[in-house]
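Have the sequence and the 3D view open as you read.

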Amino acid sequence: MDNSFNRSRQPKGVPAGGEFASTPHAESSLKLQIPTAPAPQGLDGLAAATPTVIDTELAELYYQQAKAAAWTSGFESTIARYEKRGGSAPGHLYESLAEAARAEAEVQATIKPFEAEYTRRGGWTRFFMVMNNGGHLHSSRSCSTCRPSTQFGWMPAYSGQDEAGVVGLAGEDSCTVCFPSAPVDQKSMLPFRVAEREEAAEAAAEKETRAVKAASERVVVGRKVYKTVRGAENEVGWQVECMISSRYHQAADAAHRAGLDANAAKYYAEAREIGEAIAVTVPGYDVDALLTKKFETKAKMLRKSGFPMPEDAALEGPVV
Ligand SMILES: [Zn+2]
């Protein structure tokens, strides 16, 4: 079988006759790709081509036709805007319009023998998927449940196949107007739906893993919740810094001293409480090591900035 006419316009990355061979057009900007008419030997091959081969080609041709039509109407409306103001559009716009119109006519002419072959054989089954949310599988693009603006994905891979078989595969995805006896209580086993379900399951599993990880890092201190161990450790550092500031501050008198020492004791108790909570989250966590490290880091930082601290200052060292 000569199906050479089938290859040249296949979208990149989509195997000929594959699932949705005509639909994954990722191009963001329209680009005119003027198809070449099939050579006579291509048309010889047409009589022997399978419905899938023919419909795959047709799906691509209809896509090209829609693109060319969009270009044509785009140039027409641009030119019309110029002419409405009483002038004429720049010459290149008329040239572009002519080129787009010629491309559109050429695609239409290319389509003809393929549709003629469909008619010659008395037609065959065709399947179209509405790709928006909740879209169904239809037997034609003129289904009464769809609007003129509905976008269909032609599924040429199933063209010519036994309707009951395809609908059985599609299950819940089947349109009950096109296929009244569809087993709509069955999950769709159309390959792209199966892939969708697998992706959704993977995403849910990943989300669960992240949630478990987040929960495993949470540090709870009374009503206060630190999302991460690092966050709780930073708070310990802050409490230790407050403790040092109070403990080694030069007091004005005995009452001031007593107040500062009471505050220092409070900050220290808070630092230790958070440290103990981290140890609940992280079994085996060394709270004393954390407090000592924070004390040393903060003391160094405060000394550097000129804060007067005794030489023997230590985490549980003597107060001033
Ligand atoms: Zn339908």
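**Overall layout**

First things first: this is a predicted model. The protein chain has eight helices and five strands. Reading from the N terminus, those elements come in the order α-α-α-β-β-β-α-α-β-β-α-α-α. The chain holds 320 residues, and 26% of them are buried. How far apart in sequence are the residues that touch? If you take contacts between residues at least 6 apart in sequence, 65% of them join residues at least 24 apart.

**The core**

In soluble globular proteins, nonpolar side chains tend to be buried together. Here, the largest nonpolar core has 33 residues. The ones with the most contacts inside that core are Ile54, Phe127, Phe128, Met129, Met155, Val166 and Ala170. H2 supplies the largest share, eight residues.

**Two helix pairs that share H8**

Two packed helices are described by the angle between their axes and the distance between the axes. Here is how that looks for H8 (residues 287-304) and its partners H7 (residues 254-281) and H6 (residues 229-247).

| Helix pair | Angle between axes | Distance between axes |
|---|---|---|
| H7 and H8 | about 135° | 9 Å |
| H6 and H8 | roughly 55° | within 9 Å |

At that angle, H7 and H8 are oblique to each other, and their crossing is right-handed. Which residues meet where H7 packs on H8? On the H7 side they are Ala271, Arg272, Gly275, Glu276 and Ala279, and on the H8 side Val287, Leu290 and Leu291. Sorted by class, this contact has five nonpolar, one polar and two charged residues.

Now for the other pair. The axes of H6 and H8 cross at roughly 55°, and that makes H6 oblique to H8. This crossing is right-handed too. H6 brings Glu233, Val236, Gly237, Val240, Glu241 and Ile244 to the contact, where they meet Leu290, Leu291, Lys294, Phe295, Lys298, Ala299 and Leu302 of H8. By class, the contact of H6 with H8 has eight nonpolar, one polar and four charged residues.

Start with Val221, which sits in strand S4 (residues 219-221). Why does Val221 count as partly exposed? Because Val221 has 17 C-beta neighbours inside 10 Å, while a buried residue needs 20 or more and an exposed one has 12 or fewer. Leaving out residues up to four places away in sequence, Val221 touches Glu273, Ile274 and Ala277. Val221 and Ala277 are 56 residues apart in sequence, yet their C-alpha atoms are 6.0 Å apart in space.

Then try Glu83, which belongs to helix H2. Is Glu83 buried or exposed? Glu83 has 11 C-beta neighbours inside 10 Å, so this residue counts as exposed. Setting aside residues up to four places away in sequence, Glu83 touches Ser88 and Ala89.

Technical notes. Residues are numbered from 1 along each chain as its sequence is written. This is a predicted model: local features need pLDDT of at least 70, side-chain atom pairs count only at pLDDT 80 or more; totals for chains, interfaces and linings use all residues. Axes are lines fitted to C-alpha atoms, for helices over the stretch in contact, and angles run from 0 to 180 degrees between N-to-C directions. Helices (H or I, at least four residues) and strands (E, at least two) are DSSP runs, numbered from the N terminus. Angles under 35 degrees count as roughly parallel, over 145 as roughly antiparallel, 65 to 115 as roughly perpendicular and the rest as oblique. A crossing is left-handed if the near helix is turned anticlockwise from the far one by less than a right angle, and right-handed if clockwise. Two residues are in contact if their C-beta atoms, placed from the backbone, lie within 7 Å. Ala, Val, Leu, Ile, Met, Phe, Trp, Tyr, Cys and Pro count as nonpolar, Asp, Glu, Lys and Arg as charged, and the others, Gly among them, as polar. A nonpolar core is a set of buried Ala, Val, Leu, Ile, Met, Phe, Trp, Tyr and Cys residues joined through C-beta atoms within 7 Å.
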